[in-house]
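I opened this structure today to go through its charged pairs, its sheets and the contact between its chains. These are my notes, in the order in which I looked things up.

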There are 2 protein chains.
Amino acid sequence: MLDRQVRVTFEPYGRAVFVLPETSILEAAGRAGLVIDTPCGGIGTCGKCRVRVIHGACQPTEADRQMFGEDELRDGWRLACKTAVCGEAIVRVPETSLFASTHQILKAATTEAATEILPAVRKVYVELVAPTLADSAADLRRLEQRTGAFKTDLALLRRLPGLLRQNDFKGTAVLSDHRLIDFEPGDTTSQCYGMAFDIGTTTMVGSLLNLHTGEELALAARMNPQVQYGDDVLSRIKHADSCSDCLDDLRRVVIAGITQMIDEMRAQANIQRDHVYTVALAGNTTMEHLLCGIDTTPLGQVPFVPAHARGLWIHAEDMEIPINRRGMAYIFPVIGGFVGGDTVAGILATRLGAQFGPTLMVDLGTNGEIVLANEEQIWAASTAAGPAFEGARISCGMRATLGAIEKVAFDGDVRCGVLGNGRPTGLCGSALIDVVAELLKHGMVSTEGRMLPAEELPSALPVALKERVRRNDNGMIHFLLADGKHDGTDCPVVLTQRDVRELQLACGAIRAGIRILLKNAGLQTTDLRSVMIAGGFGSFIRRSNAQQIGLLPADVDHRRVHYVGNVSLAGAKWTVLSTEARIRAEEVAEQTRLVQLSMDPDFQEEFAEAMIFPSNRSQDDATYASNVVLADDTLTSTKKEM
Amino acid sequence: MLDRQVRVTFEPYGRAVFVLPETSILEAAGRAGLVIDTPCGGIGTCGKCRVRVIHGACQPTEADRQMFGEDELRDGWRLACKTAVCGEAIVRVPETSLFASTHQILKAATTEAATEILPAVRKVYVELVAPTLADSAADLRRLEQRTGAFKTDLALLRRLPGLLRQNDFKGTAVLSDHRLIDFEPGDTTSQCYGMAFDIGTTTMVGSLLNLHTGEELALAARMNPQVQYGDDVLSRIKHADSCSDCLDDLRRVVIAGITQMIDEMRAQANIQRDHVYTVALAGNTTMEHLLCGIDTTPLGQVPFVPAHARGLWIHAEDMEIPINRRGMAYIFPVIGGFVGGDTVAGILATRLGAQFGPTLMVDLGTNGEIVLANEEQIWAASTAAGPAFEGARISCGMRATLGAIEKVAFDGDVRCGVLGNGRPTGLCGSALIDVVAELLKHGMVSTEGRMLPAEELPSALPVALKERVRRNDNGMIHFLLADGKHDGTDCPVVLTQRDVRELQLACGAIRAGIRILLKNAGLQTTDLRSVMIAGGFGSFIRRSNAQQIGLLPADVDHRRVHYVGNVSLAGAKWTVLSTEARIRAEEVAEQTRLVQLSMDPDFQEEFAEAMIFPSNRSQDDATYASNVVLADDTLTSTKKEM
């Protein structure tokens, strides 16, 4: 049963996703691109994430009972963070529960932007006057008198005389950017669709849009099938280089995955292939090269040069993407070898350059991309953060799937939240951040990242926590999180010294990147009006813990830290709905300054400094709390220590 | 031996053609696109067609001996009209022997226009600075910094990173209209070629051009292989409609023929396929549709509507034309269903709209297209002249090939010129005009086109001529031209009453067309500053005889009648050499007014009138003479008679 995904539909947005039972509504919503606000960090205390399950509500949890009255519970009110999906469900999400700017972005990309819907694809229903000797203008000219001038391809031109005459010179002309791409019998103007995709190294998300209304009709998500060839971009590039067909293998599997999502979304909305006229695809530079089948060798070697910078507007058929055979694909422009189209789409969707005051965006995907913008300039950099946040290279690491510890708090002993509520099989990125933050707060890990042996632990530490500090046969210290089970075998879930080092490296890379970007812009962290956390993953980390371990600047009020969700998908959707947005995406890519962190003379020093965790602020504040406001001088004092 | 073609090269033009031995040098030159002037009509009396055979000269003919001294004969001087090819030969054509405006057109399309050579294809040799971390711009951008911005296709983009790096970032970028179509190792800027084709209903001619210098490097000509499916456009359209694959059959055979010409020209000039980047193809509307594989059904039915009017700029690969795989094909714009791209190319090449004073152009191909231009406007019409001038529908008709009577004169008896000088097997278009003109002059055919029986013939008529008027078993009168042989069997070559009717119809159609166009423009024939005869065929007719039978207006001084040769090919060549010319071709097609002759209220009457031959001017003038200046009032007096 656990393998059987169920459909959860979120209203009034009409978005549906398939998830495994036991997935939290919060997570399901995130997968649907709806970012529900969780100021408390998702521990069920703030009540901000209230939703109403109008069909398929499960038994209320303890947290639900504490938050809602009997009437409300009967009406289906639940806390999205505390309630899991137990079957097919329809969930109504109040606007107040959505993270504010997410709502704005979602609205902009869907309903609100309806007044701005000017897609490249245009359908014009025509009833032409049949030709006579006195008016024997060519077929194309006759049509152009109604649609304006266009180009077309030979295959369509070959059929056009017959199409026009079989249909008494009536039908719907389909134009894409002044190219005639189809001529359909009858009036099909209302059947005009496009799709947007965010192609991540790990996960892919797709959206089906009505180009007439701007409405989102279906969503689909799945793993990038290329993961079989390696977790991160460098291993994919290495694989592409390893044999003559390997690049094409990578291309074919990702296109096959996209094809499945297209079929799935078309089936959901009952739409025929020929009526999907355009797709937009945003991904990091390597993902975009691979899905186009472009040689990635130079992306794997210094100086990491992409083949193209401007976006590509190419025939979907050339990419073997199964939409209308003359449909077009837009591949997002890239900023550099490691700052790709997904970042461009994110900048586009968040209107980063147009925000009021300096804004930082951090995307915690497999690569950690950082973007800093003020009113005049946008700087972007990628860090070698690696896939630690996605569970890779962590001894018990795993993705945020069933059985993953996704949340850890210390309350005298260890409290774990497990996805699916069964026995844990490993820990995912958000839990990794939590546990290291807790260990730091409890003085069990030094600011240098050393796990303290039993004899060096603070004397006031609860015994239960002390007893979890162990040594393996080689004398290496680890921290026991849970007596896990894996494939029916006992298999403890632990955090090792090496895991702490991996997290230090990842955090250090991002923190150093942020510092270098700020330096480039002549700004301090305190100048930042807003910090945006992007990416599906970003929705589930605890901000205070992220600040605790130095992943995010500590001297930014956590109320200024926002989760913006999958902005890459949002940006891709904009370009499907509006040619203007496509032009803006090109401008964004053109104008954003790529900062090569490794070229910066201060980088090595910054990176070394950033590897040090911020100093442990308070051992008293050892409770699991998300709304801690960090002192403004935390970062400064950390610096003084070193 | 007769089947073995030999190469004749014409200097200083560097043009070569393969012809059968016994072909006259005049005809071989015509096939090579060089129109040699023959004011005497090619009977060896005016000496205007003098050429010097510098290699492979044959024995001088009687006419040569009368024209040249011994020294000249030894140096190879011959009359092009009287000397046949007897083997591989190189012939030097003095500029003075070429028909003046032909020379101008040829020069303009080749050497002279060299200052205007601005083809769509541009090659740029680049030596790029290899990327570094400090300069990690994308490959395309790096290249664009040298070439200017361009688009490209996915297939090339996939290979570009590898190509650049394998060649140390050096090589030749090939651009076509701001599209990158290739990147070649080394400096290949001098190897840049294009081809132009005139695709006639009966014959096809091709030219290979150096896009760097404008030089013509090779020529090829062959029958349109579609003739197996019918002689004229209507029979081709009918065949295309007769089965589901028939349209494609027609397309495939003509593309196969073009492919053979491409291979032949490439072999002649030793040029590789990848270095031919563009082709231009001009043909009548049906030919263009068929070679593109566009549905021709509407072209076969009133109101004869073409699919496209503007020219097509399409991928040669989509047409299966074997040049560089990203090379482009230009298909000429058309004016109407029966006034096609060949006429547009002719107007372009002759600068018809820019000529001084009203000018008429008549193309005597399988369709008879007529164009009239003054400084403000161009009018065009097509006539239902049919293929009579190409020998079709004439009882002993044949094309101007070996064994064809191509010239007839009466000198008391009948004198025939036979191609190849063997026994005649039939008569071609020019002979058809000659014999009917002679019969008219001798009072043997009435102005109504009736062949007079023996008893009605003028009493003064030489007996030899009288005896040639015979009746067949059905009592139908015919005129015996020669005791021909066909396939070893005796087979007399005759002209029948029905043949005279066919010629009447063809001449009448053209003459009526000319009159209607003149009426549209508010002009008289006497206003015409110039009459241009276009088409390969046009070079071999006797102007005075054409006027005698009313094919050309009689009241135009024959010195104003010019043979302009294959102007369709010349126009196609211009568009290969210059983007400007391509734009002008579009303007020509856009601005030329299509006159639907059958829609004109006067057409029926004009056609009926034009069917009547002009009155027999003089029975005294019964000698074979081409330089007769017709009285200015011939047409007027003809009209009075009717």
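**Entry 1: salt bridges**

I started with a total, and the rule gives 59 salt bridges over all chains. For my own record, a salt bridge is a side-chain nitrogen of Lys or Arg within 4 Å of a carboxyl oxygen of Asp or Glu. The background idea is that side chains of opposite charge can pair when their charged atoms come close.

Before going on, I noted that this is a predicted model, where local features need pLDDT of at least 70, side-chain atom pairs count only at pLDDT 80 or more, and totals for chains, interfaces and linings use all residues. Side-chain values use heavy atoms, with hydrogens and water left out, residues are numbered from 1 along each chain as its sequence is written, and chains are lettered from A and ligands numbered from 1 in the order in which they are written.

How far apart are A:R252 and A:D248 in helix α8 of chain A? They are four residues apart in that helix (residues 246-269), so about one helical turn separates them. Helices here are DSSP runs of H or I with at least four residues, strands are runs of E with at least two, and both are numbered from the N terminus.

The cut-offs are under 20% relative accessible area for buried, over 50% for exposed, and partly exposed in between (1.4 Å probe, protein chains only).

Next I picked B:R515 and B:E609, which form a salt bridge at 3.0 Å, N to O. This pair links distant parts of the chain: B:R515 is in helix α13 (residues 497-521) of chain B and B:E609 in helix α17 (residues 603-611) of chain B, 94 residues apart. Is B:R515 buried or exposed? B:R515 is buried, with a relative accessible area of 10%, whereas B:E609 is partly exposed at 23%.

**Entry 2**

The size of an interface is often given as the accessible area lost when the parts come together. Chain A and chain B bury about 3,700 Å² between them, with 63% of it on carbon and sulfur atoms. Buried area is the accessible area (1.4 Å probe) that two parts lose on being put together, summed over both. I noted that A:L133, A:L154 and A:R158 supply 19% of the area that chain A buries against chain B, more than any other three residues.

The contact takes 43 residues from chain A and 43 residues from chain B, where contact means heavy atoms within 4.5 Å.

How many salt bridges cross this interface? The rule finds four. In one of them, B:R141 pairs with A:E590, the closest N and O atoms being 3.0 Å apart. On the side of chain A that touches chain B, the elements giving two or more residues are α5 (139-147), α6 (154-166) and β14 of chain A. The largest share, six residues, comes from α6(A).

**Entry 3: two sheets in chain A**

Then I turned to the strands, which pair if DSSP finds at least two bridges between them. Six strands form an open sheet with mixed pairing, in the order β12-β11-β10-β13-β15-β14 (chain A). β12 (216-223) and β14 (312-315) of chain A stand at the edges with a single partner strand each, so one side of each has no neighbour in the sheet.

Inside this sheet, β10 (residues 193-199) and β11 (residues 203-210) of chain A run antiparallel and are joined by seven bridges. A:Y193 stands opposite A:N210 in β11(A).

A second open sheet has three strands in the order β20-β19-β21 (chain A), again with mixed pairing. Five bridges join β19 (residues 404-410) of chain A to β20(A), and the two run antiparallel. The bridge partner of A:I405 in β20(A) is A:V418.
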